[in-house]
Amino acid sequence: MKLTQKIHAGALQFVLFIGAVVALLLMAFILLSFTHSHFDNKTDTYVAVVKSADFGMKAALKIPMALNVETAVRSETDIPVAISVKRDFWGVFERRTVTTSHGNTKYQKTALIGGKDKQELPALYVNDHQRPVILAGNAMITGTAFLPEQGLKMGNIHGNSYHRSSLLFGQQKKSDSLLPKLSPELDAQIAKLTHTNYVPEGRVWRSIQQDGLQNSFTEPTAIIRDRIVRLTDVDLTGNIIVSASYKIIVEADAHLQDVVLIAPEIEIQNWVKGSFQAIASESISVGKKCELYYPSALIVKKKQVSANAGNASGTQTFQVKPAIYLDAYAKVRGMVVTLDDSKQPQYTPQIKLDMESKVIGEVYCSKNLELKGRVNGAVATDGFIALEDGSVYQNHLYNGSINSTNLDASYAGLLLASREQNKKVMKWLY
């Protein structure tokens, strides 16, 4: 006898429903697992691409690279990442841009590059012209000093004689008759930027909005150009060049970050704060209590002058404007550089650092330096000069101080020929 049991349709529907739910859950789990796996792979790829940028920058600093040419760097990651590095200049700073990619993942990183001594940074280098360096007043030199064969001697200016226990608080070495050379590429770059006919390339802005201008280094350079440019109550940040055929004036309420100023004359008024490069062919003046943050640069490459221009004496000597002047309590973190190819003897200061002014970095002066302030870092000069009460004191360091031991060990600065094989990142850009 057979017993037949009927199964209700509702039970079948429930079974089908449960099966569908299980199938959906399984599909969701598979999709979630795939998503996690894909995300992990994507994350690993992105991390590898980003890390490769740092690797590419370090590797590129150790190999010779031509300017304005992309150079491939071999990757050392498990994931094949393409690395290329381009080398050019931003103002007087070397700039390197690393581009890394893997598939659709791409990353770019840009840095300013400076030179660094392989050994201890010297405090002073004075060209040997067969005459000693005379110290007077509160002058003080701390660190290694490259000096003429006659070395250092005590002096006296209007009753202010040198009074310290030692002439040099550091090691003394012999200098040559020429300053340490700039790298040929930097020398050519400065000559290019200070040439009368130089016109920067980029997108010209006829006016600046009230909220200022910010321009990434991944974008074309923004150019602000006129005969006279007065920067007042404006914020300028990034990949921007301000160019004037006559003069640039920076007022205290202007805020500049990483921009480049190019003009025959540049006037930085009292209380200005920022980080920028000022490049001129005539003069740069920095007002009282200005503070320029690292890495800033003041560069003047003088034009050729007539044979009599350097022979000023008497009252006329005191009226000649220095190529670079730092007023009282002005502070510059970076480099202060003047270049002059004139062979004529000069009896005026090419760079003048007034009392209580300060440079944290380097001063490079191809002619005479009048140092009344302080340099925490290095000074390289053809000679010192002091103008006091109508008298000219040649190769006298009066009241100024130089101390290379106070400079941060991570400092990277001027691209000298001797530093070509030892370059470091000064700052990462954006």
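**Close-up views of strands and salt bridges**

**View 1. Strand β6 beside β27.** Strand β6 (residues 133-136) pairs with β27 in the parallel sense, over 3 bridges. The model is predicted: local features need pLDDT of at least 70, side-chain atom pairs count only at pLDDT 80 or more, and totals for chains, interfaces and linings use all residues. Residues are numbered from 1 along each chain as its sequence is written, and side-chain values use heavy atoms, with hydrogens and water left out. Strands are DSSP runs (E, at least two residues), numbered from the N terminus; two strands pair if DSSP finds at least two bridges between them. Both strands belong to an open sheet of 3 strands in the order β9-β6-β27, with parallel pairing. The edges are β9 (152-154) and β27 (396-398), each with a single partner strand, so one side of each is left without a neighbour in the sheet. Neighbouring strands of this sheet are turned by 30 degrees against each other on average, direction ignored (axes are lines fitted to C-alpha atoms, and angles run from 0 to 180 degrees between N-to-C directions).

**View 2. The five-stranded open sheet.** Here 5 strands follow the order β1-β2-β3-β4-β29, with antiparallel pairing. Because β1 (70-73) and β29 (423-428) each have a single partner strand, one side of each edge strand is left without a neighbour in the sheet. The twist averages 35 degrees from one strand to the next. Within the sheet, β2 (residues 82-90) and β3 (residues 93-102) are joined by 9 antiparallel bridges, and Trp90 stands opposite Phe93 in β3.

**View 3. The salt bridge between Glu94 and Lys423.** The closest N and O atoms of Glu94 and Lys423 are 2.7 Å apart (a salt bridge is a side-chain nitrogen of Lys or Arg within 4 Å of a carboxyl oxygen of Asp or Glu). Glu94 lies in β3 and Lys423 in β29, so the pair ties together parts that are 329 residues apart in sequence. Glu94 is buried at 1% relative accessibility, and Lys423 is buried at 6% (buried means under 20% relative accessible area, exposed over 50%, partly exposed in between, with a 1.4 Å probe and protein chains only). Both residues belong to a network of salt bridges that also links Arg87, Arg96, Glu185 and Glu420.

**View 4. Strand β20 between its partners.** Of the 11 residues in β20 (residues 291-301), 9 are buried. β20 pairs in the parallel sense with β19 (residues 273-286) over 6 bridges, where Lys273 stands opposite Glu291. β20 also runs parallel to β22 (residues 331-339), joined by 8 bridges, with Leu298 opposite Val336.

**View 5. Lys301 and its surroundings.** Lys301 is found in β20 and is buried at 16% relative accessibility. Its side chain makes a polar contact of 3.4 Å with the side chain of Asp341 (a pair of N or O atoms within 3.5 Å, one able to donate a hydrogen and the other to accept it; residues adjacent in sequence count only if both atoms are side-chain atoms). Leaving aside neighbours within four places in sequence, the residues in contact with Lys301 include Ile190, Ala191, Thr194 and Leu339 (contact means heavy atoms within 4.5 Å).

**View 6. The salt bridge between Lys288 and Asp327.** The closest N and O atoms are 3.1 Å apart. Lys288 is in the loop between β19 and β20, and Asp327 is in the loop between β21 (324-326) and β22, 39 residues apart. Lys288 is partly exposed at 39% relative accessible area, whereas Asp327 is buried at 14%.

How values were computed
Helix = DSSP H or I, 4+ residues; strand = E, 2+ residues; numbered from the N terminus.
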